[in-house]
Amino acid sequence: MPEPLSNITVQMPRAKLAGLLLFFLGPAVAIYSLFSIYPLVATMALSTYTSDPSGARSFVGLANFETLLGDALWSKPFWNALGNNLIFFAVHMCVQNPIGIALAGLLSLPGVRLKGFYRTVMFLPTMLSVVIVGFSWNLILSPLWGVAAGALKAVGLGSLFAPWLGLESSALVTLSLMSVWQFVGIPMMLIYAALLNIPEELIDAARVDGLGQFRIFFHIKLPLVLPTISLVSVLTFVANFNAFDLIYSVKGALAGPNFTTDILGTFFYRTFFGNQLQLGNPTMGAAVATVMFFIILLGLCLYLFLVQRRIRRYAF
Amino acid sequence: MANLRIEHLNKRYGATTVLNDVNLSIGDGEFVVLVGPSGCGKSTLLRMIAGLDGASGGDIHIADKLVNTLAPAERGIAMVFQSYALYPHMNVRKNMTFGLKFTGVPPTERERRVAKAARMLRLEELLERYPRDLSGGQRQRVAIGRAIVREPAVFLFDEPLSNLDAALRVSTRVEIANLHRLLKSTIVYVTHDQVEAMTLADRIVVMNKGCIEQVGKPLDLYYEPANLFVAGFIGSPAMNFFEAEVGGIEGGRARVAGTAFRNFDMPAASLKVGDALTVGVRPEHLVRGGAGPFLAEGIVELVERLGEASFAYLRRVDGRIFVAEVRGRQTPAPGETVTLVAASPDVHVFDALGLRVAT
């Protein structure tokens with residue numbers, strides 16, 4: 001028998017202990033089951049059914065997944081959405097997080113004035129609704145009445161302007177950068193908080209050792225906030241593979257031009273609810289959602305087993 | 001090895017003055033301890049010598065070179081911090097060589113210095129370990145090692161023992177003293193602990209409210225405190241003070257008169273009748289049945305027994321408490337009235353400004 005954790009629980013009557021467990025754990029378990037576990041399981045179950053035109057459902061096993069990955073009609077848009085989603089994620093990792101780290105590093109320098117002001121201003125877009133961000137950028141970048149063309153012309157770079165959101169070659173990256181602009185405050189804040197945690201004396205010691213602020217950042221501060229950076233990466237991964245709203249509000253469910261901005265979220269939306277001529281197909285939608293779940297799960301597992309274990313947290 | 005000269009140093013944060021016109025000259029190879037209550041400016045002074053904090057005015061010379069505008073690494077100093085400040089992501093060896101890499105010391109030379117410092121500090125076994133695997137005392141030695149490998153002109157210690165437990169503090173104190181004997185380097189050491197100050201220092205600098213109160217050898221500070229602050233700060237338990245005034249002057253002798261002790265005479269010097277005075281006597285200098293000019297009576301309230309001595313807390317005639325050290329097994333009982341006497345060199349008299357008057 002394992003060692004009892006506390007004498008109090010051992011001496012307690014069984015009924016009282018059960019009541020206590022129910023009181024403290026019950027609410028959380030109930031809410032979590034109802035709103036997280038049940039929908040997940042129900043979705044997975046639904047993905048193993050198919051419905052005929054009359055609406056009657058029948059069990060088909062993994063046939064939906066075969067269709068999704070094997071039937072070109074389904075697999076082509078699926079792989080397209082997954083590829084676009086990876087690009088979407090890559091832009092965030094290569095642009096959003098480095099900028100967030102750099103901003104946090106600048107904010108943590110000694111003697112920066114108006115720190116609070118900058119911090120708030122850079123975090124502000126994160127608090128805006130995605131719909132508002134999408135709509136504003138849509139207007140800014142519009143070749144007809146947007147200010148982007150005029151602004152570029154004013155600084156002599158008018159020739160660089162293009163209808164970025166409308167070109168197949170640039171629409172996805174443009175949307176990614178809009179999302180980067182909105183959410184750069186989150187890595188910044190998390191890493192800034194981690195940087196504040198580094199004791200002042202450690203920085204002083206590095207100064208006595210002859211390091212300038214730049215080297216202090218790269219040799220001392222950055223290695224010490226690596227755990228936070230990896231946490232930020234995971235958050236970015238999960239958020240990016242669940243993204244939907246920005247594409248939908250700027251480009252609509254068709255994720256144009258020609259599906260070049262289609263990501264898993266929008267692909268799922270069209271499948272499940274239908275769009276224009278496409279009929280909604282809840283059982284195929286559930287299959288797409290299940291695949292998305294496993295993609296994110298796989299990513300998290302890779303992270304946990306390959307990265308997390310090698311990263312050490314430092315106590316100061 | 002180098003001397004250190006501080007001239008008219010000032011530090012202000014807005015309207016608050018942290019250091020006020022500090023002048024200090026430290027000789028080559030001298031071990032100087034800055035001591036004072038918290039907030040007296042001693043750590044700020046050390047950080048300014050290190051170049052971590054800028055001055056509001058005044059000059060700092062290290063090895064006869066003006067270093068006001070130099071970065072910490074260019075001043076020829078090394079600093080040991082209170083929290084050790086070891087780099088947690090580097091092993092002991094890297095912690096020690098890290099700074100050298102950036103000051104252009106070639107790898108073979110780095111290794112030689114690390115080996116030497118490791119031998120001196122008994123760190124050889126620990127070189128590949130990380131700070132998290134070391135005990136407090138070992139971390140402290142690594143921090144000192146990191147300072148040694150820089151081969152600085154001046155070592156700066158900022159309360160290096162305050163994070164150690166009592167036993168380790170004593171042994172590390174001895175180690176630091178040995179190190180100073182071995183390296184013969186100039187050391188500036190900040191502490192709020194007067195035992196550390198007394199045991200380690202060649203000279204002690206007592207600071208209070210941003211000013212230097214007195215600079216002197218440990219025993220000079222103890223036997224001849226320049227003013228009331230130093231008298232009260234050095235020594236434990238603290239010196240007893242009795243209010244007094246000049247009761248009269250006759251034939252070059254002034255009569256020191258007070259309510260809580262028997263009046264006595266001292267050289268008048270520049271004293272005038274009616275001048276306010278403070279008489280100070282250390283608990284350990286008050287003896288039962290001795291001979292001397294100072295005599296006070298008190299009723300024993302409480303006796304603290306420490307073993308080698310006991311401290312008797314006595315109530316004076318005017319209702320206040322003073323302390324006397326009692327040696328031996330025979331300690332007075334609470335309620336007993338005791339008469340205590342102090343010999344002439346141990347009676348300190350301070351004038352109205354708190355400055356010492358020769359007795």
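## A lysine in a loop

Lys184(B) sits in the loop between α5 (166-183) and β8 of chain B. The model is predicted. The phi angle of Lys184(B) is positive, about 50°, although this residue is not a glycine. Most residues other than glycine have a negative phi.

Is Lys184(B) buried or exposed? Lys184(B) counts as exposed, because 12 C-beta neighbours lie inside 10 Å. The cut-off for exposed is 12 or fewer.

## An arginine with a positive phi

Arg122(B) also has a positive phi, of about 55°, and is not a glycine. Where is Arg122(B)? Arg122(B) lies in the loop between α3 (107-121) and α4 (136-148) of chain B. Arg122(B) is exposed, because it has 12 other C-beta atoms within 10 Å.

## A cis peptide bond

Most peptide bonds are trans. The bond from Ser236(B) to Pro237(B) is cis, and its omega is near -5°. Pro237(B) belongs to the loop between α8 and β11 of chain B.

Ala238(B) is found in the loop between α8 (228-233) and β11 (240-250) of chain B. Ala238(B) counts as partly exposed, because it has 14 C-beta neighbours inside 10 Å. Along the chain, Ala238(B) and Val281(B) are 43 residues apart.

Chain B holds an open sheet of six strands. What is the strand order? The order is β6-β7-β8-β3-β9-β10, and the pairing is mixed. The edge strands are β6 (77-80) and β10 (211-216) of chain B, and each pairs on one side only. From one strand to the next, the twist averages 20°.

Strands of a sheet pair through backbone hydrogen bonds, either parallel or antiparallel. Start with β6(B) and strand β7 (residues 154-158) of chain B, which pair in the parallel sense over four bridges. Within this part of the sheet, Ala78(B) stands opposite Phe155(B) in β7(B). Val80(B) has Phe157(B) of β7(B) as its bridge partner. Next come β7(B) and strand β8 (residues 186-191) of chain B, which pair in the parallel sense over five bridges. Leu156(B) has Val188(B) of β8(B) as its bridge partner.

## Inside strand β7(B)

How many of the five residues of β7(B) are buried? Five of the five are buried, so β7(B) is largely enclosed by the rest of the structure. The cut-off for buried is 20 or more other C-beta atoms within 10 Å.

In a regular strand the side chains alternate between the two faces of the sheet. Look at β7(B) with that in mind. Val154(B), Leu156(B) and Asp158(B) point one way. Phe155(B) and Phe157(B) point the other way. All of these residues are buried.

## The build of chain A

Chain A has 15 helices and four strands. Why is chain A called more spread out than a compact globule? Its radius of gyration is 25 Å, well over the 20 Å that the globule rule gives for 316 residues, so chain A is more spread out than such a globule. Along its principal axes, the C-alpha trace of chain A spans about 80 × 75 × 30 Å.

Buried residues make up 26% of the 316 residues in chain A. Now take the contacts in chain A with a separation of 6 or more. Residues 24 or more positions apart account for 65% of them.

## Regions listed by UniProt

An unreviewed UniProt entry lists residues of chain A under "transmembrane region", including 121-140 and 172-196. In the model, residues 121-140 of chain A are 90% helix and 0% strand. The end C-alpha atoms of this stretch are 19 Å apart. Residues 172-196 of chain A are 96% helix and 0% strand. Here the end C-alpha atoms are 35 Å apart.

## Where the chains meet

Key: Residues are numbered from 1 along each chain as its sequence is written. Chains are lettered from A and ligands numbered from 1 in the order in which they are written. This is a predicted model: local features need pLDDT of at least 70, side-chain atom pairs count only at pLDDT 80 or more; totals for chains, interfaces and linings use all residues. Two strands pair if DSSP finds at least two bridges between them. Helices (H or I, at least four residues) and strands (E, at least two) are DSSP runs, numbered from the N terminus. Axes are lines fitted to C-alpha atoms, for helices over the stretch in contact, and angles run from 0 to 180 degrees between N-to-C directions. UniProt positions are given in the numbering used here, feature names are shortened, and annotations may be inferred rather than shown by experiment. The radius of gyration is taken over C-alpha atoms; the globule rule is 2.2 Å times the number of residues to the power 0.38. Two residues are in contact if their C-beta atoms, placed from the backbone, lie within 7 Å.
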